[in-house]
Amino acid sequence: MRHPRIIIASISLAAAAAIGGGITAATATSSAASSRPAASQHAAATVRTVQATVGGKTETVLVNSQGLPLYYYLNDTAAKSVVTGGLAALWPPLTSPSPAATGLTGKLAAVSDAHGDQVSYNGHLLYTFADDQAGQVTGQGVQGFFVATPGLTPLTGSSTSTGTVPATPSGTGYGY
């Protein structure tokens, strides 16, 4: 009988291989977090900032209510997610009809798309990474996903449904 952690890691790596993803054993983790349901929320999602290590440097990053780092996908537009199927299983979209923010100065919104009311920040649709745990940033640069920061440069042409988040000091921003 196999240990459940090994099975979870195998499923995660198999899913990545099935979609042609760039995840390797070195970048995937075999954590119990992989067995939790998709990180999409149907209630109000709160986005806040925390300090985390990204690429060996301490940076301020956006996280969801559970403390999981939030990412954006390079190939998305401000109004449409192209993350579907197996890719969406590894990168669950953050959804909420009424997202809230703590410590953000940019524009947090809900965008109606194939995932429902997907949360965006400065026009970038937000996702979690199935292999992350609170306090970990393991998906940086994987499969075209990058960690979201308070200074994320706004996308133009956004058709979002909520307004600008009130200004709150949040440190320096990095516009990946």
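From the N terminus on, the elements of this protein run α-β-β-β-α-β-β-β-β-β, and they come to 2 helices and 8 strands. Helices (H or I, at least four residues) and strands (E, at least two) are DSSP runs, numbered from the N terminus. The model is predicted: local features need pLDDT of at least 70, side-chain atom pairs count only at pLDDT 80 or more, and totals for chains, interfaces and linings use all residues. Residues are numbered from 1 along each chain as its sequence is written, and side-chain values use heavy atoms, with hydrogens and water left out.

**The protein as a whole**

- Of the 176 residues in the protein, 44% are buried; the term means under 20% relative accessible area, while exposed means over 50% and partly exposed lies in between (1.4 Å probe, protein chains only).
- The protein exposes about 8,000 Å², and carbon and sulfur atoms supply 59% of this area. Accessible areas come from the Shrake-Rupley method with a 1.4 Å probe; for residues, only the protein chains shown count as cover.
- Among the contacts with a separation of 6 or more, 70% join residues 24 or more positions apart; a contact means heavy atoms within 4.5 Å.

**The sheet**

- Strands of a sheet pair through backbone hydrogen bonds, either parallel or antiparallel.
- Three strands form an open sheet in the order S2-S1-S4, with mixed pairing; two strands pair if DSSP finds at least two bridges between them.
- Strand S2 (57–63) and strand S4 (100–102) stand at the edges with a single partner strand each, so one side of each has no neighbour in the sheet.
- From one strand to the next, the twist averages 35 degrees. Axes are lines fitted to C-alpha atoms, for helices over the stretch in contact, and angles run from 0 to 180 degrees between N-to-C directions.
- Strand S1 (residues 46–54) pairs with S4 in the parallel sense over 3 bridges, and Arg 48 stands opposite Thr 102 in S4.

**Aromatic residues**

- A pair of aromatic rings is described by the distance of the centres and the angle of the planes.
- The structure holds 7 aromatic pairs. Rings of Phe, Tyr and Trp (its six-membered ring) pair if their centres lie within 6.5 Å; planes under 30 degrees apart count as stacked, over 60 as edge-to-face and the rest as tilted.
- The rings of Trp 91 and Phe 145 are stacked, because their centres are 3.8 Å apart and their planes stand at 5 degrees.
- This pair links distant parts of the chain, 54 residues apart: Trp 91 lies in the loop between helix H2 (85–90) and S4, and Phe 145 in strand S8 (residues 145–147).
- Both Trp 91 and Phe 145 are buried.
- Tyr 127 and Phe 145 form an edge-to-face pair, with 5.5 Å from centre to centre and 85 degrees between the planes.
- Tyr 127 is found in the loop between strand S7 (124–125) and S8, 18 residues apart from Phe 145. Tyr 127 counts as buried because its relative accessibility is 0%.
- One aromatic cluster is formed by Tyr 71, Tyr 73, Trp 91, Tyr 127, Phe 129 and Phe 145.

**Loop residues with positive phi**

- Asn 122, in the loop between strand S6 (116–121) and S7, has a phi near 50 degrees, a positive value in a residue other than glycine. Asn 122 is buried, with a relative accessible area of 10%.
- Gln 143, in the loop between S7 and S8, has a positive phi near 55 degrees and is likewise not a glycine. Gln 143 counts as buried at 16% relative accessibility.
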